[in-house]
Amino acid sequence: TGLAVLGVICFWVGAWGTESKAPGVSPDEAIQRLEKGNQRFVDEPSRGKERAALVQGQHPYAVVLSCADWRVSPEILFDEALGKLFVIRVAGNVVDTDVLGSIEYAVEHLHAHLLVVIGHDKCGAVQATLDGGTLPPDIAALTSHIAPAIASAKSRGLDAAGTMNAAVRENALLQGRQATE
């Protein structure tokens, strides 16, 4: 009895035939790491009770909307066990119809009654919106959700760092309002 990954569909992303400029691992090594990590999760005897409880169902007490940025893992930030938080991660912690549907599911079906929206410093999605310019269509769609927060932050007449910090805060507040209206 465990929560093993039953199937994985992998898509290679990035420009085909180009070398990555970012330090990292090859797609093959990434798959191997994920498979080994999942096997350790399944085999870990100390996690048996936790996994057995999770298989029976989830009972989160809070919904956490967080940026997809790896530096902001809600389970680690709040030192909380698996299944206690209903975590939704998306770049810029934006609320669109899919995210809103996930929040509504957690509230209606899992009875979580608290929404926490986490913004973080050096958010790439907020910075991309602040920088403006031409963006690929899907990134532009994402940043359109952040744009009102940027306008509010820019209106304060702060320096660049202050504007960025204000934009992150304004964006978290904006997304929270949009999710609860």
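## Basis

The model is predicted; local features need pLDDT of at least 70, side-chain atom pairs count only at pLDDT 80 or more, and totals for chains, interfaces and linings use all residues. Residues are numbered from 1 along each chain as its sequence is written, and side-chain values use heavy atoms, without hydrogens and water.

## Helices α5 and α8

Helix α5 spans residues 124–131 and helix α8 residues 160–180. Helices are DSSP runs of H or I with at least four residues, strands are runs of E with at least two, and both are numbered from the N terminus. The two helices pack at an angle of about 115°, with axes 10 Å apart. Axes are lines fitted to C-alpha atoms, for helices over the stretch in contact; angles run from 0 to 180 degrees between N-to-C directions.

From α5, the contact uses Val126, Gln127 and Leu130. From α8 come Thr163, Met164, Ala167, Val168 and Asn171. Contact means heavy atoms within 4.5 Å. Five of the contact residues are nonpolar, three are polar and none is charged. Here Ala, Val, Leu, Ile, Met, Phe, Trp, Tyr, Cys and Pro count as nonpolar, Asp, Glu, Lys and Arg as charged, and the others, Gly among them, as polar.

## Nonpolar core

The largest nonpolar core holds 28 residues. Such a core is a set of buried Ala, Val, Leu, Ile, Met, Phe, Trp, Tyr and Cys residues joined through side-chain atoms within 4.5 Å. Buried means under 20% relative accessible area, exposed over 50%, and partly exposed in between (1.4 Å probe, protein chains only). Val126 and Ile146 are among the residues with the most contacts inside the core. Helix α8 gives the largest share, six residues.

Beyond its neighbours within four places in sequence, Ile146 contacts Gly92, Val94, Ala125, Val126, Thr129, Asn171 and Gln175.

## Aromatic pair

There is one aromatic pair. Rings of Phe, Tyr and Trp (its six-membered ring) pair if their centres lie within 6.5 Å; planes under 30 degrees apart are stacked, over 60 edge-to-face, and the rest tilted. Phe86 and Tyr105 have ring centres 6.3 Å apart and planes at 45°, so the pair is tilted. Phe86 lies in strand β2 and Tyr105 in helix α4, so the pair ties together parts 19 residues apart in sequence. Phe86 is buried at 14% relative accessibility. Tyr105 is partly exposed at 39%.

## Alanine 91

Ala91 sits in the loop between β2 and α4. Ala91 is partly exposed at 30% relative accessibility. Its C-alpha atom is 8.0 Å from that of Gly124, 33 residues away along the chain.
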